[in-house]
Amino acid sequence: MEHPENSNEYKGLQVNSGVGSAPIVNPYRRRRVATMLSPGDYVEGILKGDVSTLGRAVTLIESTAETHQAVAQEVIEKCLPYSGNSRRIGITGVPGAGKSTSIDEFGMHVIRQGGKLAVLAIDPSSERSRGSILGDKTRMEKLSQQKEAFIRPSPSAGSLGGVARKTRETIVLCEAAGYDNIFVETVGVGQSETAVHSMVDFFLLIQLAGTGDELQGIKRGIMEMADGIVINKADGDNIDRANLAAAQFRNALHLFPPTPSGWKPEVLTYSGYYGLGIDKVWDMIDRYFEFVKQTGYFSRKRNEQAKYWMLETIDTQLRHHFYSRPDVAALLEQKELRVLNNEQSSFTAARDVLDFYFSSLCAK
């Protein structure tokens, strides 16, 4: 096909080159580089309740960089005197039990009563890619719009139970920022309950009805840790099934030994989607805190938790120091080959590595 611009009648015209493509990146826009604040600036912003400063401080806690960790630990130490004035509530349940939807309703109930809420939602990381979706905030539609709420989804990063020391430290900062209610949402039943139980005052187990044998999917240890069990989705045609499930759980709890606090766990039904029975659940939590503060168990448990996390941190640091030494890593590789070739038992190989490690420490 002939192009008309090549015709003789347009011979006297000159065709200019077109305008080049615009650059993808605006050359006049300077890239904003976030500067690290001083520990004093972080503490000042946190105590004022500045959400942006609090979020940046939590990012430092989650960072693995040594410089970030040094600043984060100094911030935590300075915020410690202003912490401890909240109610820490752990929330767990089987996948699909409606934990995020329930937290949305529970949180709105707290805010309507004049409280402030921080939600620390632990998002499971992929064991292969180490990536996380971090989608809990999108499922808390009401809370995410409230200025009195601080929602922080954090990747579990493959740590045992999905909850590590970083969540415990984040609680300290949130309390210093004035949040008087802290929710810690776990990944799911059987993964992180022990870790969460060691950092909260009240442990809430969310269950579903109409899924078969109601007690089959719950481990005995989880039920023993629970201070309250709530059956979600008790609405419409599911009300009778929810009441039946509640009766089954009440009967099961009678078989367990008394709790260390002396509190008798209660079983309630509610609907997180329709917001039914939320006030009854929260009344149960109020009764629990009133009970444990009268008996003195509240303070004893907080002290035990502080001791637990001190020992847990020592254990973590010792493991890191042991495995990060190149000479230990080289000896481990040699011993592994001997064990795999049946030239040495696993126990004597471990003893040799530990003897080498401790002797090298004494030599220093």
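Q: Where is I229 found?
A: I229 sits in strand 6, which covers residues 228-232. Strands are DSSP runs of E with at least two residues, helices are runs of H or I with at least four residues, and both are numbered from the N terminus. This is a predicted model, where local features need pLDDT of at least 70, side-chain atom pairs count only at pLDDT 80 or more, and totals for chains, interfaces and linings use all residues. Residues are numbered from 1 along each chain as its sequence is written, and side-chain values use heavy atoms, leaving out hydrogens and water.

Q: Why does I229 count as buried?
A: Buried means under 20% relative accessible area, exposed means over 50%, and partly exposed is in between (1.4 Å probe, protein chains only). I229 comes out at 0%, so I229 counts as buried.

Q: Which residues does I229 touch, not counting those up to four places away in sequence?
A: They are L205, M223, F249, L253, E266, V267 and L268. A contact here means heavy atoms within 4.5 Å.

Q: What makes M108 buried?
A: M108 has 12% relative accessibility, so M108 counts as buried. You'll find M108 in helix 4, residues 99-112.

Q: Which residues is M108 in contact with, leaving aside neighbours within four places in sequence?
A: M108 is in contact with K142, L143 and Q146. Take K142: it is 34 residues apart from M108 along the chain, yet their C-alpha atoms are separated by 7.3 Å.

Q: Why is helix 1 called oblique to helix 3?
A: The axes of helix 1 (residues 39-47) and helix 3 (residues 66-79) cross at roughly 45° and come within 9 Å. That angle makes helix 1 oblique to helix 3. For the cut-offs, under 35 degrees is roughly parallel, over 145 roughly antiparallel, 65 to 115 roughly perpendicular, and the rest oblique. The axes are lines fitted to C-alpha atoms, for helices over the stretch in contact, with angles from 0 to 180 degrees between N-to-C directions.

Q: Which residues of helix 1 and helix 3 meet?
A: P39, G40, Y42, V43 and I46 in helix 1 meet V71, E74, V75, K78 and C79 in helix 3.

Q: Why is C79 called buried?
A: The relative accessible area of C79 is 0%, so C79 is buried. C174 is buried too, because its value is 0%.
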